[in-house]
Amino acid sequence: MNIEGDARPTPFRVMWAFLAMLALASGASAQAVPPTSAAGFSVGEVSITADRFGVGDISRRGDWVGVRLVLKDNTSRQRSVLIRVASLDPDGDQPTYELERTLNPGVEQKEWVYVRLPFRFTSEDALVVSIYEAVVDDATRRLVAGRLLARRAVTPNKGSLRVESEGLIGVVGSRALGLLKYQHEATDAEQSNTDTWHPLGHERSRIVTGITALDLPDRWMGLASLDALVWAVEDSGQWNPTQLTGERARAVREWVERGGHFIIILPRVGQTWSDPTSNELHDLMPVVAVQRNENVDLGPYRPLINARERRTGAAWPRSGVVHTFRRIPEAGAADAMEILNGPDGRCVVVRRLVGAGAVTLVGLDLNQTALSQGDLIDAEVFWHRVLGRRGRLTEVLRDGPGRRLGVSRTPWPYDDDIGGQIVQGGRAAVGVLAGFVMFVAYWLVAGPLGFMVLRSRGQHKHAWVGFVGVTLVFTGLAWGGASLLRPGKVEGRHLTILDHVYGQPTQRARTWASILIPWYGTAQIEVGERNAERSLNAIVAWDSPKDDSSWSGFPDSRGYVIDTRKPDAIEVPTRSTSKVIQADWAGGPRWKMPIPTAADGAGSGVLTVNQDWTRGSNTPLVTGMLVHDLPGTLRDVTLIVVRRQTPLRDVRADLAALETAPLVVANAFSLASWEPKVPLDLGAKTTVPAGQTGDGAALVQWLNSLKPSFSGTMYPGMVPEVTADTARLTDRLTALAVFPYLPPPDLEGGTTNEYAAQRKSTHGWDLGRWFTQPCVIIIGHLGGARSDSVECPVPIRVDGEEFPLTGRTVVRWVYPLPTNPPAFPMPDGADPTLPEPTPSASNGGEG
């Protein structure tokens with residue numbers, strides 16, 4: 001509102017401006033929301049359709065999504081255009097994701113645009129796609145939007161938009177290979193179909209099948225919603241890995257480096273993954289020699305795939321092709337890690353660590369029709385041991401009592417605290433209190449108290465003069481107080497998850513931050529190192545999944561442009577308030593994480609584990625020293641030692657034991673604090689004398705402490721209204737690292753209400769994969785309380801300048817140990833000397 005003449009607003013003008021803003025606010029948000037229907041938009045000079053709303057046409061609210069647009073220029077000349085896709089952020093502003101392309105007349109072109117969907121986005125909402133003619137700005141020599149050529153609203157296809165609490169696993173191929181058990185849909189007898197959890201466990205994972213190599217996105221953000229990507233097809237046609245080239249291959253590479261898990265099922269014939277001339281991702285593959293073995297008796301391999309007698313009517317295949325892997329001399333320790341071996345001791349599942357992620361090769365031909373279409377691949381037996389998961393996925397046929405169907409479930413979010421941890425309400429609360437006190441004082445002095453004083457002195461005829469004088473005085477006090485309370489510099493609060501695998505060159509982090517920008521206009525917020533040649537980073541406005549009130553928006557809603565291919569900087573409207581953002585970062589080590597050191601503190605060391613350790617033996621489980629140089633004391637530290645997977649079970653094993661037994665042999669230790677540069681003697685820490693309780697308990701016992709209690713320790717109040725309890729905030733943030741291994745619900749016990757663990761903002765940020773191989777995991781907390789906050793490890797700048805950004809960082813560090821695949825069962829009476837498989841002549845044995 002422009003005010004002519006007197007530059008100082010009078011109280012009346014301020015009041016009218018405030019009322020006008022209230023009147024506008026009711027309509028501003030609605031105008032800013034993208035339209036909910038494509039109707040009414042003319043095609044214009046460019047035809048616009050969307051054939052993919054997410055990889056495999058599946059997307060999730062609150063996460064990045066790749067929208068593949070099909071564009072056709074209906075004119076007769078080639079031209080450069082700007083493609084813009086508009087969404088909405090919590091302030092009511094419109095983030096507009098922009099892509100520059102050259103369109104050819106009469107030719108359909110498929111282009112990926114990457115957008116973060118708000119948590120409140122529904123299948124009835126739409127993203128507005130606009131095509132502008134690209135023109136060069138004379139002043140900046142940059143392309144800007146010229147004439148509007150076409151506009152259309154695009155919506156997700158029916159069923160393609162998933163809820164924020166659901167996981168996603170992508171499958172390149174048409175067969176799910178047993179993974180559909182993670183997607184188990186509840187029957188009416190089990191649960192309501194509107195429930196968002198697995199009826200027998202916690203998180204339901206949607207299995208996205210039918211993806212082809214040509215359908216994969218060309219930026220890592222398009223894969224960010226996936227917990228894993230499984231390549232499960234024969235090498236032919238559109239499924240051939242030779243189709244995974246260029247920007248699509250780069251997207252997969254960057255997604256893996258950022259923590260993705262790429263799993264490849266080798267085809268029975270003609271595999272080319274180990275061929276550097278036809279596989280652009282060859283340098284990510286495990287460094288092994290691959291041997292193809294034909295006519296292998298698959299009977300002894302059954303404990304790897306299906307360890308129970310199922311009444312499916314399908315016969316177990318007699319023979320098939322099995323690829324085995326052998327480490328070659330030039331392989332480093334992390335380049336070829338054995339996960340599962342066959343009955344002859346040769347590796348059939350091998351993994352390579354890549355940054356924060358991994359690539360896993362599977363030599364078993366799971367695509368064999370008898371296995372894949374006969375429901376013979378048991379996810380609890382095979383996929384649990386590859387993905388790092390736990391819990392029952394299918395009902396078990398029992399002679400005795402089964403699961404009680406009367407057990408109700410309560411959704412239990414473990415990451416709903418994020419918004420509350422970064423809010424900057426202190427100064428606002430002081431301002432509100434000061435304003436209230438000022439108003440009460442003004443009302444008393446200008447009203448009854450002032451009048452009583454004047455009347456006592458016989459001056460009540462001057463009441464109007466006194467009223468005006470008091471008004472002027474309090475107006476000055478109000479403006480002065482507002483000036484004193486107004487922030488003068490950029491500052492922020494953050495919550496960050498920081499991961500590092502020892503020996504890998506990449507750290508990854510996700511930061512949620514509330515950044516106070518004390519001016520009106522615009523500001524550029526960027527993430528990443530300055531002048532980085534290669535960016536793996538993204539920054540975007542973030543909305544809390546449980547705070548709908550944050551969507552009231554400002555009446556002066558504005559749009560701002562984001563480079564959809566490189567979203568590491570955004571220029572946002574500012575109103576002297578806070579901007580809430582989510583930043584994803586990956587790069588070279590920013591913090592000096594724990595490292596093994598020699599006993600005398602000089603030089604490097606190694607960690608070794610005692611596989612035969614027993615609690616109370618008065619011997620160390622782990623031998624070695626660790627030291628860190630983090631910028632503060634690491635508190636509430638949990639040390640997890642994963643020794644190995646549990647032995648595989650024979651098909652005749654007890655079914656109840658098969659379900660309840662953990663798939664990992666691991667122990668957990670706790671440490672109240674760990675100071676920088678102070679060596680931690682793991683030998684002393686992991687030595688548990690006989691009779692001592694607590695430390696060194698089996699992993700499952702420690703995990704049980706992370707379960708919520710309906711009595712009010714994890715969250716107070718009545719369920720299902722779940723609110724944060726800061727007393728156990730640390731436990732919940734720690735639990736996110738082990739989310740796939742949280743204790744399954746007790747559906748056969750004596751309780752009538754069981755929890756359903758959920759996450760909404762941290763998909764893909766667990767360490768579940770590490771429970772499939774030996775390692776040491778350290779989870780600790782740096783900062784947290786405002787008096788103990790530390791600077792954010794992620795480089796974030798406003799208008800090119802660093803600023804105070806303090807808060808809590810959850811540090812997760814992993815030290816890989818030598819591999820130790822699970823022992824193979826030996827059927828009773830079987831000959832321990834198994835026949836050697838026949839090497840394939842076509843592949844020449846090893847290669």
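## A buried alanine

Ala 289 is buried, because its relative accessible area is 8%, and buried means under 20%. This alanine belongs to strand 14, which covers residues 288–297. Its C-alpha atom lies 5.7 Å from that of Phe 325, a residue 36 positions away in sequence. Please keep in mind that the model you are looking at is predicted.

## The protein as a whole

Stepping back, the protein has 847 residues, and 55% of them count as buried. Its secondary structure comprises 13 helices and 40 strands.

If you follow the strands in the model, you will find an open sheet of five, in the order 8-7-4-5-24, with mixed pairing. Its edges are strand 8 (143–154) and strand 24 (559–563), each of which pairs on one side only. On average, neighbouring strands of this sheet are turned by 30 degrees against each other, direction ignored.

## Salt bridges across the sequence

Side chains of opposite charge can pair when their charged atoms come close. A search of the whole structure finds 45 salt bridges. One of them joins Arg 565 and Glu 111, with 3.9 Å from N to O. Arg 565 sits in the loop between strand 24 and strand 25 (569–575), while Glu 111 is in strand 6 (residues 108–116), so this pair ties together parts that are 454 residues apart in sequence. Are these two partners buried or exposed? Arg 565 counts as buried at 12% relative accessibility, and Glu 111 counts as buried at 10%.

Another salt bridge links Arg 389 to Asp 227, whose closest N and O atoms are 3.8 Å apart. Here Arg 389 comes from the loop between helix 5 (383–388) and strand 19 (408–413), and Asp 227 from the loop between strand 11 (205–211) and strand 12 (228–231), so the pair ties together parts that are 162 residues apart in sequence. Both Arg 389 and Asp 227 are buried.

## A further pair and a network

Arg 728 and Asp 731 also form a salt bridge, with 3.2 Å between the closest N and O atoms. Arg 728 is buried, with a relative accessible area of 12%, whereas Asp 731 is partly exposed, with 31%. Elsewhere, salt bridges that share partners bring seven residues into one network: Asp 89, Asp 91, Asp 93, Asp 556, Arg 558, Arg 575 and Lys 579.

Which residues make the nonpolar surface patch of about 330 Å²? They are Val 440, Leu 444, Leu 449 and Met 452. Helix 7 (426–446) and helix 8 (448–456) each supply at least two residues of this patch.

Leu 449 is found in helix 8. With 44% relative accessibility, this leucine counts as partly exposed, because that class lies between the 20% limit for buried and the 50% limit for exposed residues.

Notes:
Residues numbered from 1 in each chain as written. Predicted model: local features only at pLDDT ≥ 70, side-chain atom pairs only at ≥ 80, totals over all residues. Heavy atoms only, no water. Pairing = 2+ DSSP bridges. Helix = DSSP H or I, 4+ residues; strand = E, 2+ residues; numbered from the N terminus. Axes fitted to C-alpha atoms, helices over the stretch in contact; angles between N-to-C directions. Patch = residues over 30% accessible without salt bridge, like charges linked within 9 Å, V, L, I, M, F, W, Y side chains within 5 Å. Areas by Shrake-Rupley, 256 points an atom, 1.4 Å probe, with all protein chains shown as cover. Salt bridge = Lys/Arg side-chain N within 4 Å of Asp/Glu carboxyl O. Buried < 20%, exposed > 50% of the residue type's maximum accessible area, 1.4 Å probe, protein only.
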